[in-house]
Amino acid sequence: MTEAVTTPSPHEPPPPPEKPGGSAGGITPADIRDGAAVALVIGAAGVLLGVLWAWLAPKAQYVSNGEAVFLKNSESESRIGADGTFFLLSLGLGLLSAVLVFLWRRRGGVPLVIGLMIGSCFASLVGWRTGLWLGPSSDVAAAAVKAGKGVAFDAPLQVLAQGVLLVWPMVAVAVHLGLTALWTPHDPDPSDTEPEWGAYPAPHVHGAPAPAAPDPSDPASPEPPRR
């Protein structure tokens, strides 16, 4: 028993060529790996944020009278300065991470942006906790006893405005999207490069029209050849 083979008609247009990649939405496993790598590297860079914050942030000072702990200078702006330092460091690191990711993979892509956002959020949390760990002790009572009565000691670092934790991811994603929109070459319009497969009939299917037959009643028409 033989299988019937259907020969395609010459009048039917050929199927359009398939696009390379073979994945839905143009996302390949390589793109997913790149996004995961970006998330891991930027998340680990949060340690740098914590070290710089603990080193550069101005520190408020407490003093104890033996019964309670008070701010040494109630008009000091050191507590707000810690938030400002964290904000500026997050702003700079967000800008730097966005530029580096763009230079590494100029084509961009959804997995890359997601990896950048997740890594930046994790980096902010890591930097916050690392700065608290490297800064002065959070046990104020023990620090007051250790310092002694009337002796000033550094207050622990704090983030009063929790919104500064979102500065790094917001800046990184916004700058990366802007760079991608400005400098990444866009794919050509398929309507400009691909043929119109729906056009029928094709110009090459039909040949030149046949000449019209002479009309016998017309005196101007040539006489048919005699045999």
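Biologist: Which residues line the second largest cavity?

Modeller: On a 1 Å grid over the protein atoms alone, a cavity is a set of points where a 1.4 Å probe fits but cannot get out, and lining residues have an atom within 4 Å of a point. Here the second largest cavity is lined by D31, D34, R105, R107, G108, G109, P111 and L112. This is a predicted model, in which local features need pLDDT of at least 70 and side-chain atom pairs count only at pLDDT 80 or more, while totals for chains, interfaces and linings use all residues. Residues are numbered from 1 along each chain as its sequence is written, and side-chain values use heavy atoms, with hydrogens and water left out.

Biologist: What volume does the second largest cavity have, and how does its lining divide by class?

Modeller: A volume is the space filled by probe spheres set on the grid points, which are joined across faces, edges and corners. For the second largest cavity that comes to about 40 Å³. As to class, Ala, Val, Leu, Ile, Met, Phe, Trp, Tyr, Cys and Pro count as nonpolar, Asp, Glu, Lys and Arg as charged, and the others, Gly among them, as polar. The lining of this cavity holds four charged, two nonpolar and two polar residues.

Biologist: How many cavities of 30 Å³ or more does a search of the whole structure find?

Modeller: The search finds two. The largest has a volume of about 80 Å³, and its lining includes P58, K59, A60, R79 and Q158. By class, that lining has six nonpolar, two polar and two charged residues.

Biologist: In which sense do β1 and β3 pair?

Modeller: Two strands pair if DSSP finds at least two bridges between them. β1 and β3 (residues 153–154) pair in the antiparallel sense over two bridges, and Q61 has D154 of β3 as its bridge partner.

Biologist: Which residues have the most contacts inside the largest nonpolar core?

Modeller: A nonpolar core is a set of buried Ala, Val, Leu, Ile, Met, Phe, Trp, Tyr and Cys residues joined through side-chain atoms within 4.5 Å. The largest one has 22 residues, and I42, W53 and W168 have the most contacts inside it. Two or more residues of this core come from each of α1, α2 (46–56), α3, α4 (110–134) and α6 (167–183). Of these, α3 gives the most, with five residues. Apart from this core lies another, of six residues, including A60 and Y62.

Biologist: Why does V38 count as buried?

Modeller: V38, in helix α1, counts as buried because its relative accessibility is 5%. Contact means heavy atoms within 4.5 Å; not counting residues up to four places away in sequence, V38 touches V101, W104, L112, G115 and L116. The C-alpha atoms of V38 and I114 are separated by 9.2 Å, although these residues are 76 apart along the chain.

Biologist: Which residues lie nearest the centre of the second largest pocket?

Modeller: A pocket is an open set of grid points with protein on both sides within 12 Å along at least five of seven lines. The second largest pocket is lined by 13 residues, and V41, I42, S97, L100 and V101 lie nearest its centre. About 260 Å³ of space lies in this pocket. Helices α1 (29–44) and α3 (78–104) each supply at least two residues of its lining, with α3 giving the most, six residues. The lining comprises 12 nonpolar residues, one polar and no charged.

Terms used
Helix = DSSP H or I, 4+ residues; strand = E, 2+ residues; numbered from the N terminus. Buried < 20%, exposed > 50% of the residue type's maximum accessible area, 1.4 Å probe, protein only.
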